[in-house]
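This report describes the fold of one protein chain and then turns to selected elements and residues. The sequence and structure are shown first.

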Amino acid sequence: MSLIDLLTGNTSNQVAVQAENKFGISKNQIIALLAVAAPLIISYLRNKSQDSKEAEALNNALDKDHNGSILDDASQVEARQAEGGSILSHIFGNDKQNVENQLSQNTGISIDKIGPVLAMLAPVIMGYIGKEKQQNNVGAGGLGDLLGGILGNASNQAQAQQSSPLNDILGSVLGGGGQAQSSGNPLNDILGSVLGGGQKQQQGGLGGILGSIFGK
């Protein structure tokens, strides 16, 4: 299953409905947030997995807690929100506050809600990675390539398919190609160039795309 399949499929729709009901945020905003958060989390994990100890820890966590069952049973999402918060703290570390600030500014989701919403989404993203890991029979040593492949395939698919709001978001987020991998800092690559400055993207990057989706 590609990243775009995850974003456009039944799971993300069910999760977005739950988050909409719980936080009063529009379903479109939740799915748009997922479209940015998923590649961001995967990029951070890909960088971390270059360290063999981090790769081993991630491999163990995926085997133990993230077998992909959440993709077939979205009712797990609310119960796993606290776990999602811990996942985000580990993945983003000192960048967590900055990530939340940038995402809040560019999705229109208030800063007090962005963390809890991301915490609902994190186990879904981890479940997706875990399922891909199982299907590709990958161990700790192959996680970096697996995660890079997920991002590469999503980028290619977003650019090959007809323009749609979600494809446009993913295309912007992942459109840096080689550039996106050069700085080694996913926060700068994804949030800085696409969300923040907009210097690389016309119409203010994601802000422009989200504006067109939400009619702002």
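## Overall architecture

Read along the sequence, the protein follows the pattern α-α-α-α-α-α-α-α-α-α-α-α-α. The model is a predicted one, and its secondary structure amounts to 13 helices and zero strands.

Of the 216 residues in the protein, 51% are buried. The accessible surface comes to about 9200 Å², and carbon and sulfur atoms account for 44% of that area. Among contacts between residues at least 6 apart in sequence, 74% join residues at least 24 apart.

## The nonpolar core

The largest nonpolar core holds 61 residues, and within this core Leu 3 and Ile 129 touch the most other members. Helix α3, residues 27–48, gives the most to this core, with 14 residues.

Helix α8 covers residues 111–135, a run of 25 residues. At 1.5 Å a residue, this helix should span 36 Å, and the end C-alpha atoms are 36 Å apart, so the two values agree. Most of the helix is covered, as 18 of its 25 residues are buried.

Just after α8, Asn 137 takes a positive phi of about 50°, and this residue is one other than glycine. Asn 137 is placed in the loop between α8 and α9, the latter comprising residues 143–160. Exposed is defined as over 50% relative accessibility, and Asn 137 counts as exposed because its value is 71%.

Ser 12 lies in helix α2, which comprises residues 10–23. The cut-off for a buried residue is under 20% relative accessible area; Ser 12 counts as buried because its value is 3%. A polar atom of the Ser 12 side chain lies 2.6 Å from the backbone oxygen of Leu 7. Leaving aside neighbours within four places in sequence, Ser 12 is in contact with Leu 6, Leu 7, Ile 31 and Leu 34.

Thr 11 is also placed in helix α2. With 11% relative accessibility, Thr 11 counts as buried. Its side chain has a polar atom 2.6 Å from the backbone oxygen of Leu 71. Not counting residues up to four places away in sequence, Thr 11 touches Ile 70, Leu 71 and Val 124.

## Ser 75 and the loop between α4 and α5

Ser 75 is found in the loop between α4, residues 52–65, and α5, residues 76–79. Its relative accessibility is 54%, and Ser 75 therefore counts as exposed. The side chain of Ser 75 makes a polar contact, at 2.4 Å, with the side chain of Asp 73.

Ser 75 and Thr 11 are 64 residues apart in sequence, and their C-alpha atoms are 9.9 Å apart in space. Of this pair, Thr 11 is buried, whereas Ser 75 is exposed.

Conventions: Residues are numbered from 1 along each chain as its sequence is written. This is a predicted model: local features need pLDDT of at least 70, side-chain atom pairs count only at pLDDT 80 or more; totals for chains, interfaces and linings use all residues. Side-chain values use heavy atoms; hydrogens and water are left out. Helices (H or I, at least four residues) and strands (E, at least two) are DSSP runs, numbered from the N terminus. The expected span of a helix is 1.5 Å times one less than its number of residues. Buried means under 20% relative accessible area, exposed over 50%, partly exposed in between (1.4 Å probe, protein chains only). A polar contact is a pair of N or O atoms within 3.5 Å; within protein, one must be able to donate a hydrogen and the other to accept it, and residues adjacent in sequence count only if both atoms are side-chain atoms. Contact means heavy atoms within 4.5 Å. A nonpolar core is a set of buried Ala, Val, Leu, Ile, Met, Phe, Trp, Tyr and Cys residues joined through side-chain atoms within 4.5 Å. Accessible areas come from the Shrake-Rupley method with a 1.4 Å probe; for residues, only the protein chains shown count as cover.
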